[in-house]
Each structure stands twice: as C-alpha cells, then as structure tokens.
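Dear colleague,

Here is the structure I promised to send over. My notes on it follow below, and I would be glad if you read them alongside the model.

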Amino acid sequence: MKAWHLRLPAFIVFAASFALPAITSPEFRANPAMPGWVCAYWANLVVPGSLIEQRGTGLDVDAILTILSGCANLLVVAFLSLCIWSRSHRIQLILVAATLPCFVATWTLFAHFEFRPLVGHYFWVAGTLLFALPEVLSMLKRLETNTQ
C-alpha cells in the first residue's frame, strides 16, 4: 500500500475538522459551538499576536497551553512538507511524536476552561494520527525485517 492511500483520507479528515464544530462551553452564549477554524485562528494567530504586542508580559499557563495546542497544526504542515522527501522518515516520526504533547496541552486547556470537545476536535486528532500511520507501519515493517 502506498503512503498517499492513507494520507489522502487523513487530509480529508483533518481538513474537515476545521469546518466542523470543535468545542462548546457553557460560557458560549451567542454561538454554542466553536468551529475548528476559529480554534486554529485563536491558537495560531490571536494568542501569539497578543503576546508579541505585550512583549511577553501577558504570558501565563493558559497562553502557553493555547500556543502549544496550535503547534499541532504547524507540525502537520511541516510533516506534509517533508512527505515529498523520501528519506525523511525519522524526522516525520519525530514530528508525529511532537504532536502528542500538543494534544495533551489541548486537553489540559479544555479541562481548565470546561470546554467539551465535539466532532471537529475528534476529526482533528484522528486526521493528525492518520498522517502518521504510513510512517509507523513503515517503521514496524523495517523492524520486522531487521529481526528476522
């Protein structure tokens, strides 16, 4: 099986996550569900931008967790960029491993603000992990051939 056979569905799931409702909270009165693209906008642009304007004086745990959550999107972009280079398997695996703490930061942020994940969040995680599947399967295949 070619890697792109798994990456194409992964891209579709990941891209769909930005259009679907990702989180909800009792605090959201006007719009009960926030779509994934709004979450990405806050995590990748608004919070880092406000920290730059404040020259880091507004840095707190919530800001760090939000920025770490947004880093998962940037790691996926870096991962996809490396997919065109056939000898980047190790770097791709490192990028995939680096997304796992981003998920933990996201879930910690959810717990702190009492956000509830919705289908878009699950698609976001599933799409990210599906990108990693070809690399993990390739690594397992290499390990199997080395032990025989």
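Helix α3, residues 61-82, packs against α5 at an angle of about 35 degrees, and their axes are 11 Å apart; axes are lines fitted to C-alpha atoms over the stretch in contact, with angles from 0 to 180 degrees between N-to-C directions.

Please bear in mind that this is a predicted model, in which local features need pLDDT of at least 70 and side-chain atom pairs count only at pLDDT 80 or more, while totals for chains, interfaces and linings use all residues. Residues are numbered from 1 along each chain as its sequence is written, and side-chain values use heavy atoms, leaving out hydrogens and water.

Helix α5, residues 119-147, also holds leucine 133, which is partly exposed with a relative accessible area of 32%, that is, between the limits for buried (under 20%) and exposed (over 50%), with a 1.4 Å probe and protein chains only.

Isoleucine 23, by contrast, sits in strand β1, residues 21-24, and counts as buried at 4% relative accessibility. Leaving aside residues up to four places away in sequence, isoleucine 23 touches Phe28, Pro32, Ala33, Met34, Cys39, Phe110, Phe115, Arg116 and Leu118. Its C-alpha atom is separated by 20 Å from that of phenylalanine 11, twelve residues apart along the chain.

Notes: Helices (H or I, at least four residues) and strands (E, at least two) are DSSP runs, numbered from the N terminus. Contact means heavy atoms within 4.5 Å.
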